[in-house]
Amino acid sequence: MLSGKMIHSSPRKSETALSPKKRNLKARAPNSLQSVKSLPVDLKIPGLHEHPKTGGSEKARGPGRGRRGAASGGEAHPETKVVNRNNDESPYSNKFAVIERDNDGEDSGKPLYLPLNNELSWNDHSVYGAKKVLKVPSESLLPANPEILDGVDDLMQLSYLNEPSVLYNLQCRYSQDLIYTKAGPVLVAVNPFKAVPFYGNDHIEAYRRKKLDRPHVYAIADTAIREMIRDEVNQSLIISGESGAGKTETAKIAMQYLAALGGGSGIEYEILQTNPVLEAFGNAKTLRNDNSSRFSRVVQCAEGERSYHIFYQLCAGASPELREKLNLRSASEYNYLKQSKSFKIDGVDDSDMFRKVKEALGVVHISEEDQYNAFAMVAAVLWLGNISFRVIDNENHVQVVEDEVKLGKSV
């Protein structure tokens, strides 16, 4: 935790930054989002994700309240029924409202299933889709926040802090290319999955001088270091999130800020230079994340994955002299690597990354001899995967296949 603060990362699609003038609290969400801000998070839109029909229905009943609390009694929509859906995992209920629609469209005859939440009781008539106007029973909706709060940079400002409201606000900000949102002392980071232009020395200086106060990793790091100096108490940073959410990159951004405040040289610079080394020997490509730090497989990899980056970097970037000493081959010739049928990462040059790893090892004072020994161990692991054995007698004694031993004898 960073001065009582946490960064939580979430995976999303590409985002870019807006100019400061476009970032304001009254930003409106696009029309495509306005119609769904009060729907439960697991709503299934007709024609996209239809639930199968089930039996055992009964009438939905009970008076509702107006959108802003005014009385509006009466029965629920006359064509609405309630059915049990015990096999569905819903955070709201195991019952669903079924709305039978008019027979006047291409989706005619298909019911719409909405989860029920009996604690809520106000009616809403909203447009869902381009052609349909549905009268949704009050029990199926959650309160929506006023439009003036759409896209606020602190979720604690929302009048209704429920899951749909949080997701809607994050998506509203995402549509404006804003990837950071506060939740009180917590920072929520939405992974843009590409380089975005609001990092670097200019932004570091702006947050250091308090010229910017928008949610950012820099702001969290700045608060931590200031409170550490003021209170003389150690500070910590917790970065949580699922695989591919951007935890590694977020940690690097925080370290970049702290190193810049420390002068950007000496021990701070050396700490930053450990990143290429840590990622090369500790990260790998998985099906969900090209730079996953949650990886521990060498002998077997699933199709489409890669083993640790260093294996591919060594094979691609080793100098001719080093290749000869270690008897290196291309990555596709090693059993541990070729079984997954994945040798490259889009947009990543393994040869260039190997050069950066060697530079980083030098910065942190790893000698050339120790570097060679480390690379020799990596090559030895690769060659071990190419060694097979054969049975030589009836007692299951085995010996190594001779030709394969010769291939890796220099290692």
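Start with the whole chain in surface view: its accessible surface (Shrake-Rupley method, 1.4 Å probe, with only the protein chains shown counting as cover for residues) comes to about 22700 Å², and 51% of that belongs to carbon and sulfur atoms. This is a predicted model, where local features need pLDDT of at least 70 and side-chain atom pairs count only at pLDDT 80 or more, while totals for chains, interfaces and linings use all residues. Residues are numbered from 1 along each chain as its sequence is written, and side-chain values use heavy atoms, leaving out hydrogens and water.

Now switch to cartoon. You will find twelve helices and 14 strands, which are DSSP runs numbered from the N terminus (helices: H or I, at least four residues; strands: E, at least two).

Next, select Leu-314 and Phe-375. Within the largest nonpolar core, which has 28 residues, these two touch the most other members. Such a core is a set of buried Ala, Val, Leu, Ile, Met, Phe, Trp, Tyr and Cys residues joined through side-chain atoms within 4.5 Å; buried means under 20% relative accessible area, exposed over 50%, and partly exposed in between (1.4 Å probe, protein chains only). Colour helices H6 (267-282), H7 (309-317), H8 (320-326), H10 (350-363) and H11 (368-384), the elements that each give two or more residues to this core. H11 gives the most, with six residues.

Stay on Phe-375 and show its neighbours: among the residues it touches are Phe-281, Ile-310, Leu-322 and Phe-354, not counting those up to four places away in sequence.

Then select Ile-204, Val-217, Ile-220 and Ile-253, which belong to a second, separate core of 18 residues.

Finish at Phe-389, in strand S13 (residues 389-391). Phe-389 counts as exposed because its relative accessibility is 54%.

Conventions: Contact = heavy atoms within 4.5 Å.
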